[in-house]
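These are my notebook entries on how one chain is put together. I looked up sheets, helix packing, aromatic pairs and some backbone details, in that order.

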Amino acid sequence: MVISRRNLLKMGVAAGAALSDFSILRAQSVPDGARAVRMVLGNLSVFDPVFSTDEGAYSHALAIYDTLFGTDSKFAPHPQMVGKWGVSDNKKTYTFELRDGLRWHDGTSVTAADCVASIRRWGQVDPGGQLLLSRANDISKKDDKTFKITLKEPLGVLLTVFDTGPFIMREKDANLPTTEQVTANIGSGPFKFNHALAKPGASFTYDRNEHYAPRNEAPDRLAGGKIVKVDRVIWQNISDQQTAVGALQAGEVDFLSTPPVDLFALIQNDPNLELQVLDKTGQDMLVRMNCLQKPFDNVKARQAMLHLVDQEAMLRAAFGDPKYFRTVTSMFGNETLVSNDENTGWFRKGGNAVKAQQLFKEAGYAGEKVVILQPTDWAEASNASQLLAATLRKIGVNAELAPSDWGGVVARRAKKDAVENGGWSVFITTIPEAFRGGVMGDNTLLMNGNKGWFGWPQNEEYEALRVKWADVETLEQRKALARKMQRIWWDYVPEVLVGQQVVPIARRKSLTGLIGVPACFPFWNMQKA
């Protein structure tokens, strides 16, 4: 008998025993008396937050690495690894001294040389880091605990740039090229990666770093003390979401990052479970296109997608209940300070299939295969991908789904090859809306070609405007700049927006103290009764 989600809702299954044999979950070793938390966070396939911007890589990095600064709930930067810092009178030289007690998980001390190497590696790929490197005359260590950054000209957003990184790695790891993934998994953060218990594809284990010295301040988003209140966190990969919900009900796991929308009612009716919105700013779902390969190397084909997508239909397919989503037309999202309506005349309720078909014709579309990467372990994106494929086929586009788990999508989207050689045409993802208002820290807002984010759009006029963002001083100036950027953005069309969504996580009520951070799930501060 196949148990569908709808039947599960009707039956009100409490234990979930019919869905899966949870013996695999129980087999995970937990020392006697240890406070262990099991979290279903998807398939962790990339461990290096420089090598990939995948949300899983960032959650992993937050656990084992530490950062120079961390931003609070109002997005103000505060020292984290840094103990003292200062800036020269001419605003061109910044000096940073590390706080006492910072040690790598292998027992050696964290040094300024580690920080310099980490900044240089991160700066090659992160948009804020790229800006920093372009403005820096020198980044060097002064002594074992102190390093300095000397600028060609003042950069008032320097500390804000550190909001997006870098995660500080050992010098020998940070000296690896950005195209080579760091897999040593040795950091200085609040958790240690347990190599002996690593089970790729199934689970990864993180143990409390007993030598970690948190800051004295109260935790606030990524700022303040990273106080660990559990002994072990087990990152569980359960690809089937019904099975994951059953495991949550049965007490075999404590946390589910992406509960399926059509099982929300079941979760809410369970006295031991709770839905909770951690990311209150929500995320923007978008369709990303490969601008290097046919047919989307032609701007007309990209513009066709802009007119084709029916946001409300896609959002219903992905998230079901309208209370969890709304349409969006600004590249900066609905609620950021620089959201605007410039060049948004393309938006039309229901989409415009006739216009899209005409634009594909003008692009010279000749039946080339359009490969849509479909993450089968992420129901919302999977549903949206299927609807997009069906919509494309209706107007004569040769759309083909390429199903895999999210880890497979992450690996394949990095390929710039033609689809015949394992490349891709389209994938769907989500971006925290809070990031979009910051501009300098959002990789998805780059248009610098091969150096940029997946899809690799390129427009020099736009990039010149984006770089100016670091130098404007008032909100009104940034709003004016945002309008100019958005006009170019929607003429070029590097992506198509699906809409904004605010969706909760699911947890057992015995798990409390979760820190709300866009796109990531910190392990510190949470506790289990």
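**Entry 1**

I note here that the model is predicted. The strands concerned are β17 (residues 370-375) and β19 (residues 426-432), which run parallel and are joined by two bridges. I then traced the sheet around them, an open one of six strands with mixed pairing. Its order reads β16-β20-β15-β19-β17-β18. At the edges I found β16 (325-326) and β18 (399-404), each of which pairs on one side only. I also looked for a helix on this sheet: α10 (residues 299-308) packs there and touches β15 (283-289), β19 and β20 (495-501). The direction of α10 makes about 145° with that of β15.

**Entry 2: the seven-stranded sheet**

I next followed an open sheet of seven strands, again with mixed pairing. I wrote down its order as β10-β11-β12-β1-β13-β21-β14. Which strands form its edges? They are β10 (191-199) and β14 (273-276), and each pairs on one side only. Between β10 and β11 (residues 203-208) I found five bridges in the antiparallel sense. As an example, Asn 194 has Thr 205 of β11 as its bridge partner. Helix α3 (residues 55-64) packs on this sheet, where it touches β10, β11 and β12 (232-236). I recorded about 120° between the directions of α3 and β10. Helix α8 (residues 241-250) lies across β1 (36-40), β13 (255-256), β14 and β21 (505-508). Relative to β21, α8 runs at about 30°.

**Entry 3: helix against helix**

I turned to α16 (residues 460-468) and α17 (residues 475-492), whose axes are 10 Å apart and which pack at an angle of about 155°. The two helices are therefore roughly antiparallel, and I noted that their crossing is left-handed. From α16 the contact residues are Glu 461, Tyr 462, Leu 465, Arg 466 and Lys 468. From α17 they are Leu 481, Lys 484, Met 485, Ile 488 and Trp 489. Sorted by class, this contact has six nonpolar and four charged residues, with no polar ones.

I then looked up α17 against α10: the axes come within 8 Å and cross at roughly 100°. These two helices are therefore roughly perpendicular to each other. Val 299, Arg 302, Gln 303 and Leu 306 of α10 meet Trp 490, Asp 491 and Tyr 492 of α17. I counted four nonpolar, one polar and two charged residues in this contact.

**Entry 4: aromatic pairs**

How many aromatic pairs are there? The count comes to 32, taking ring centres within 6.5 Å as the cut-off. I examined one of them, Phe 191 with Phe 523, which is edge-to-face. The centres are 5.7 Å apart and the planes stand at 90°. This pair links distant parts of the chain, as the two residues are 332 residues apart. Phe 191 is in strand β10, while Phe 523 is in the loop between β22 (511-512) and β23 (527-528).

**Entry 5: the backbone**

Is the peptide bond from Lys 294 to Pro 295 cis or trans? I found it to be cis, with omega near 0°. I placed Pro 295 in the loop between β15 and α10. Lastly, Lys 91 has a positive phi of about 65°, although it is not a glycine. I located Lys 91 in the loop between β5 (82-87) and β6 (93-98).

How values were computed:
Residues numbered from 1 in each chain as written. Predicted model: local features only at pLDDT ≥ 70, side-chain atom pairs only at ≥ 80, totals over all residues. Heavy atoms only, no water. Axes fitted to C-alpha atoms, helices over the stretch in contact; angles between N-to-C directions. Helix = DSSP H or I, 4+ residues; strand = E, 2+ residues; numbered from the N terminus. Parallel < 35°, antiparallel > 145°, perpendicular 65-115°, else oblique. Left-handed = near helix turned anticlockwise from the far one by under 90°. Contact = heavy atoms within 4.5 Å. Nonpolar A, V, L, I, M, F, W, Y, C, P; charged D, E, K, R; others polar. Pairing = 2+ DSSP bridges. Phe/Tyr/Trp six-rings, centres within 6.5 Å; stacked < 30°, edge-to-face > 60°.
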